[in-house]
Every structure is written in structure tokens, then in C-alpha cells.
Amino acid sequence: MRDIVLEWLDPGDPRMTEVHALRHEVLFAPFGIPRDDRWDDEGADRLHIAAFRDGKLVGYANMLLEPDGTGHVRQVSVLPELQGGGVGSALMTGIEDEARRRGIALLTLNARTTAEGFNTRIGWRTVSDVFPFGRTGVPHVRMEKRIG
Ligand SMILES: CC(C)(COP(=O)(O)OP(=O)(O)OC[C@H]1O[C@@H](n2cnc3c(N)ncnc32)[C@H](O)[C@@H]1OP(=O)(O)O)[C@@H](O)C(=O)NCCC(=O)NCCS
């Protein structure tokens, strides 16, 4: 998407406060889950990518570097009013580029079934049946993308 700037953020970056609010608004508030900013973001094995437009945070995702050499993508969140405008795919391209740079050949994620179509469109394949997952318990599927 034009005008979108991607940036990898350190978990101590003050802009992570905006990230906390975005993740809550997009991923948990719709299910009535109270905000809890204990996101477990610290650690060299977790990388945080943010999308900005005009300096304002509009999207976020993170990648966990797994001990087996794969990358696990989590918490892909786009500001509701900008969903469908290319921010999510820009974030996923940023993650893939970084993963390739690190020699990662396989990415995995657990997708809400409502987001399965988005991931399929950008080259992911579903490798599980539907299962309830995480704090929301909403239906998810396991997906993979081979990038190496
Ligand atoms: C799912 C999400 C991350 C996608 O990001 P986005 O910025 O809205 O997606 P994009 O605009 O980059 O979409 C890329 C393509 O996928 C399509 N797409 C987007 N969301 C889709 C969906 N839920 N189902 C099917 N296709 C979808 C778009 O139409 C677009 O197609 P095009 O290239 O032909 O125009 C975003 O909508 C979001 O934050 N949703 C709520 C939270 C969520 O479900 N996160 C994922 C948790 S696993």
C-alpha cells in the first residue's frame, strides 16, 4: 500500500504503548475481553513489526523465532478502518523478507477462520482441522508458508 512505512520495533520502544492499544482493540475488545497489557513481548526470540501511515500506527504483527528454525507469526492486527487496504499484506511481506534474511525456510501461524482467506490469498496453506484457540477460544486453523 502506498504511504505505509514498516518498522521493526524494540519491545522497549515508547510506540509499543500504541501497539498494545491496537492489539487489544483489534484482537480482544470485540470479544469483550478486558485490556491486559502483559503481552510477553521481551526476548531476542520475538520480533515486532509495525506499520505507520503519516506517523500513526495502523498495523502490527510479530514473529516468534522457534528453536527448530521456523518462524511463528502472531497477532496480525490492522486498524479496523483500514482493513482491506493492503496494510496486512504489507506486514506479512515485511515478515517474510526478514525471515528469509535470517535463513528461515518455513513460517507457521494459527489463523482465525475469518482470516484464513486473507492468508490463503497471500500464499499460505491450511494444515489442520479447525480448533478453538487462545484467550478468545474462537475457531482457528494452523497454516504454513514455505519461503525457502
Ligand atoms: C486479517 C487482516 C490482518 C488482513 O489485513 P488487511 O490489511 O485487512 O488485508 P489486505 O488489505 O492486505 O488484504 C490482502 C488481500 O486479502 C483479501 N482479504 C483481506 N481480508 C480478508 C479476509 N478476512 N478473508 C478473505 N480475504 C481477505 C483482500 O481483499 C486482499 O485481496 P486483493 O489483494 O485481491 O485486494 C486484518 O483484516 C485484520 O486485522 N483483521 C482482524 C484481526 C484478525 O483477524 N487478525 C488475524 C488473526 S489470525
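Predicted model: local features only at pLDDT ≥ 70, side-chain atom pairs only at ≥ 80, totals over all residues.
**Ground rules**

I number residues from 1 along each chain, as its sequence is written.

**Entry 1: the whole chain**

I began with the elements and found 3 helices and 8 strands. I take helices (H or I, at least four residues) and strands (E, at least two) as DSSP runs, numbered from the N terminus. Starting at the N terminus, the order reads β-α-β-β-β-α-β-α-β-β-β. The radius of gyration is 15 Å, close to the 15 Å of the globule rule for 148 residues, so the chain is as compact as a globular protein of that length. For the record, that radius is taken over C-alpha atoms, and the rule is 2.2 Å times the number of residues to the power 0.38.

I also noted the span of the C-alpha trace along its principal axes, about 35 × 35 × 30 Å. Buried residues account for 25% of the 148. Here buried means 20 or more other C-beta atoms within 10 Å of a residue's own, exposed means 12 or fewer, and partly exposed is in between, with C-beta atoms placed from the backbone. Next I looked at contacts (C-beta atoms, placed from the backbone, within 7 Å). Among those between residues at least 6 apart in sequence, 61% join residues at least 24 apart.

**Entry 2: strand β3 and its partners**

I then turned to β3, residues 56-65, where 7 of the 10 residues are buried. I call two strands paired if DSSP finds at least two bridges between them. On one pairing, β3 runs antiparallel to β2 (residues 46-53) over 8 bridges. On the other, 6 bridges join β3 to β4, again in the antiparallel sense.

Ala-50 stands opposite Tyr-60, and in β4 the bridge partner of Tyr-60 is Ser-77. Gly-59, for its part, faces Val-78 in β4.

Both turns got a look as well. The β2-β3 hairpin has 2 residues between its strands. The β3-β4 hairpin has 5, and there Gly-69 takes a positive phi near 90°.

**Entry 3: from β4 to β5**

I followed β4 onward and found 3 bridges to β5, with the two strands parallel. Val-73 stands opposite Leu-109 of β5 in this pairing. Together, β4, α2 and β5 make a right-handed β-α-β unit. Right-handed here means that, with the strands pointing away from the viewer, the path from the first strand over the helix to the second runs clockwise.

**Entry 4: the ligand shell**

Which residues come closest to the ligand? I counted 19 around it, the closest being Gln-83, Gly-88, Ser-89, Gly-117 and Phe-118. A residue joins the shell if its C-beta atom, placed from the backbone, lies within 6 Å of the molecule. At least two shell residues come from each of α1 (16-28), β4 (71-78), α2 (87-101), β5 (106-112) and α3 (116-121).

By type, I get 8 nonpolar, 9 polar and 2 charged residues. Nonpolar covers Ala, Val, Leu, Ile, Met, Phe, Trp, Tyr, Cys and Pro, charged covers Asp, Glu, Lys and Arg, and the others, Gly among them, are polar.

**Entry 5: two aspartates with positive phi**

I checked Asp-40, whose phi is near 60° although this residue is not a glycine. Asp-40 sits in the loop between α1 and β2, and I score it as exposed because it has 7 C-beta neighbours inside 10 Å.

Asp-54 has a positive phi of about 50° and lies in the loop between β2 and β3. With 8 other C-beta atoms within 10 Å, Asp-54 is exposed.

**Entry 6: Glu-116**

My last stop was Glu-116 in helix α3. Glu-116 counts as partly exposed because 17 C-beta neighbours lie inside 10 Å. Leaving aside neighbours within four places in sequence, Glu-116 is in contact with Ala-111, Thr-126 and Val-141. I also noted Met-143, which is 27 residues from Glu-116 in sequence and 8.3 Å away in space, C-alpha to C-alpha.

Definitions and conventions: Contact = placed C-beta atoms within 7 Å.
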